[in-house]
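Here is a short report on one predicted model. Please look over the chain before reading on.

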Amino acid sequence: MPIRRVVPDIHSDDLDGSRTFYGLLGFEEVMNLGWVMTLASPANPTAQLIFMTHDKTAPVTPDMSIEVDDVDAAYAAVLAAGAPIVRSLQDEEWGVRRFFVQDPNGRVVNVLGHRPPAGGTGSD
């Protein structure tokens, strides 16, 4: 199962301060929904940090996000293995399909895939 990126999810009560601080290290804001913000390196766009005040649709804030090519296959694999599901698979209004699973260390992992735009084919 191809992995597209792995990103730490950092709980923050100060998104502006986080943006400013990590901007000193070369990160730039690439997404901000008010409660979640992604910063990325312009030279390496997959080098990212996610900051969250809370999670809009889940009961917990995850510790990391892993983007995969086939989130449905990933969900089936963790279910079959009996891994603890923290939040079931669902589509989000901001264009991702995701679920949360707890790893053996107690960390909550947000596993996601981007959905193709409405009317799109999903190819880049």
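Which residue in β3 is the bridge partner of E29? The partner is L39. Strands here are DSSP runs of E with at least two residues, numbered from the N terminus.

This is a predicted model, in which local features need pLDDT of at least 70, side-chain atom pairs count only at pLDDT 80 or more, and totals for chains, interfaces and linings use all residues. Residues are numbered from 1 along each chain as its sequence is written, and side-chain values use heavy atoms, with hydrogens and water left out.

Strand β3 covers residues 36–40. Of its 5 residues, 5 are buried (under 20% relative accessible area; exposed is over 50%, partly exposed in between; 1.4 Å probe, protein chains only). V36, T38 and A40 point one way from β3, while M37 and L39 point the other way.

Strand β2 (residues 28–32) runs antiparallel to β3, joined by 4 bridges. Two strands pair if DSSP finds at least two bridges between them. The hairpin of β2 and β3 has 3 residues between the strands, and G34 there takes a positive phi near 95 degrees. Strand β4 (residues 48–52) also pairs with β3 in the antiparallel sense, over 5 bridges. In β4, I50 is the bridge partner of T38.

**Aromatic pairs**

Ring pairs number 5. Rings of Phe, Tyr and Trp (its six-membered ring) pair if their centres lie within 6.5 Å; planes under 30 degrees apart are stacked, over 60 edge-to-face, the rest tilted. Two of the pairs are tabulated.

| Pair | Centre distance | Plane angle | Class |
|---|---|---|---|
| F21 and Y22 | 4.9 Å | 85 degrees | edge-to-face |
| W35 and W94 | 5.3 Å | 70 degrees | edge-to-face |

W35 sits in the loop between β2 and β3 and W94 in the loop between β6 and β7, so their pair ties together parts that are 59 residues apart in sequence. W35 is buried at 8% relative accessibility. W94 is partly exposed at 28%. F21, Y22, F27 and F51 form one aromatic cluster.

E92 lies in the loop between β6 (85–91) and β7 (96–102). Is E92 buried or exposed? E92 is buried, at 4% relative accessible area. Beyond neighbours within four places in sequence, E92 is in contact (heavy atoms within 4.5 Å) with T57, R87, R98 and R115.

The charged end of R87 sits over the ring of F100, 5.7 Å from its centre. The rule asks for NZ of Lys or CZ of Arg within 6 Å of the ring centre and within 35 degrees of the ring normal.
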